[in-house]
Amino acid sequence: MRRSPTFSLLFLFFLPIVLPACGGDGAPDTGPNADGAPAATAGMDTERMLGHVEELASDRYEGRLTGTPAAERTRRYLIRHLEESGAVPCVAARPQPDSLSAWEHMAPVEEGSDRNLVNVLAVVPGAGGAADGSGAAGSPRIVVSAHYDHLGVRGGEIYNGADDNASGTALLLELARHVAASPLRHPVVFAFFDYEEGGLRGARAFVDAPCGAGDIALNINLDMVSRSEEGVLYAAGTRHWPELRPVLESVSVPAGMRIAFGHDEPGTGSDDWTFASDHAPFHRAGIPFVYFGVEDHAGYHQPTDDFDQITPEFYRAVGRFIPRVLEAFDAAQ
Ligand SMILES: [Zn+2]
């Protein structure tokens, strides 16, 4: 799930404001290392990110349905890479079964249910912060999220969910490595949520009982960030949290993508994405959010949402843009 696939004519009347592709720094940005940072240390490695998508959207992961061996296989992959990243497990709020690793947080899919979901939660402490992820002097935390689950196998067809949401998951995995190499002022929690497709359940469980310690200042949610022929990434949420917009507008936008504000107008039906993905429980709890995602496309919730259908140049640009967004909020908060 993210939203109804219905396209609304309202979109024509609420045309988004699209910022130019050139950022404020005017610097050319044409490759993975164009930020001038060494790829192996501080730079976001967008080729590695693409490799994660190709892997997670392959048939081996059988569409990553909650509660299946394929979902567990997905978590093993995430954890193996997190262990190499320099991030650490975010301490669970509730006692956890011994069968789970420290990175995994189990919760009932809803209160009283005997079915469970499993989030994977990592943290990079803020510079000078405590090892459990709480920040120095009570520095609040930034939670960056992406759901790793998808629809599984239906009618014999595998729903690989390359864009929805292997793309956000892969970006988040590489972002954790990037941030661990150069920690920010604020602690950053990397939340790989389960069972978004069942009603944002993993995110709801997290907001009810967050891992680690400390307030949450902001949620940055990534869901469907790799497929746009037009090269447009939406930032939704600033209508509700207008103080976030100047920070976003200050971020230089890499070549290969544009950023558009919108999809957060109340009363516009399925065009309003305010409650359409894992940022919604944060918003309901009074925590500011910004959601990044692409416009609906032909592969949305179809078995054709495959790796060979994503838009690599656009996705690479998004992979360079999101770390800048995180750094801008880290500096502004
Ligand atoms: Zn999704």
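Predicted model: local features only at pLDDT ≥ 70, side-chain atom pairs only at ≥ 80, totals over all residues.
**Exercise 1. Decide why strand 4 counts as largely enclosed.**

Solution. 
Step 1. Strand 4 spans residues 116-124, nine residues in total.
Step 2. Eight of the nine are buried, so the rest of the structure largely encloses this strand.
Step 3. Of its 333 residues, 52% count as buried.

**Exercise 2. List the buried residues of helix 2 and say where on the helix they lie.**

Solution. 
Step 1. Helix 2 runs over residues 46-56. Its buried residues are Thr46, Met49, Leu50, His52, Val53 and Leu56.
Step 2. Check their directions around the axis. They cover an arc of only 155 degrees, so they sit on the same side of helix 2.
Step 3. Ask what covers them. The cover includes helix 3 (69-85), helix 4 (162-181) and helix 8 (312-332).

**Exercise 3. Describe the largest nonpolar core and follow one of its residues, Val318.**

Solution. 
Step 1. The core has 92 residues. Those with the most contacts inside it are Leu171, Leu172, Ala176, Val188, Phe190 and Val318.
Step 2. Helix 4 gives the most to this core, with 10 residues.
Step 3. Now take Val318. Leaving out residues up to four places away in sequence, Val318 touches Leu171, Val225, Leu233 and Met257.

**Exercise 4. Is Gly299 buried or exposed? Locate it and name what it touches.**

Solution. 
Step 1. Gly299 lies in the loop between strand 12 (289-293) and helix 8.
Step 2. Count its neighbours. There are 20 other C-beta atoms within 10 Å, so Gly299 is buried. The cut-off is 20 or more.
Step 3. Name the contacts. Apart from residues up to four places away in sequence, Gly299 touches Asp163, Arg227, Thr304, Asp305 and Gln309.
Step 4. Compare chain and space. Ile310 is 11 residues from Gly299 along the chain, and their C-alpha atoms are separated by 9.7 Å.

Conventions:
Residues numbered from 1 in each chain as written. Buried ≥ 20, exposed ≤ 12 C-beta atoms within 10 Å, placed from the backbone. Helix = DSSP H or I, 4+ residues; strand = E, 2+ residues; numbered from the N terminus. Arc of directions from axis to C-beta. Contact = placed C-beta atoms within 7 Å. Core = buried A, V, L, I, M, F, W, Y, C linked by C-beta atoms within 7 Å.
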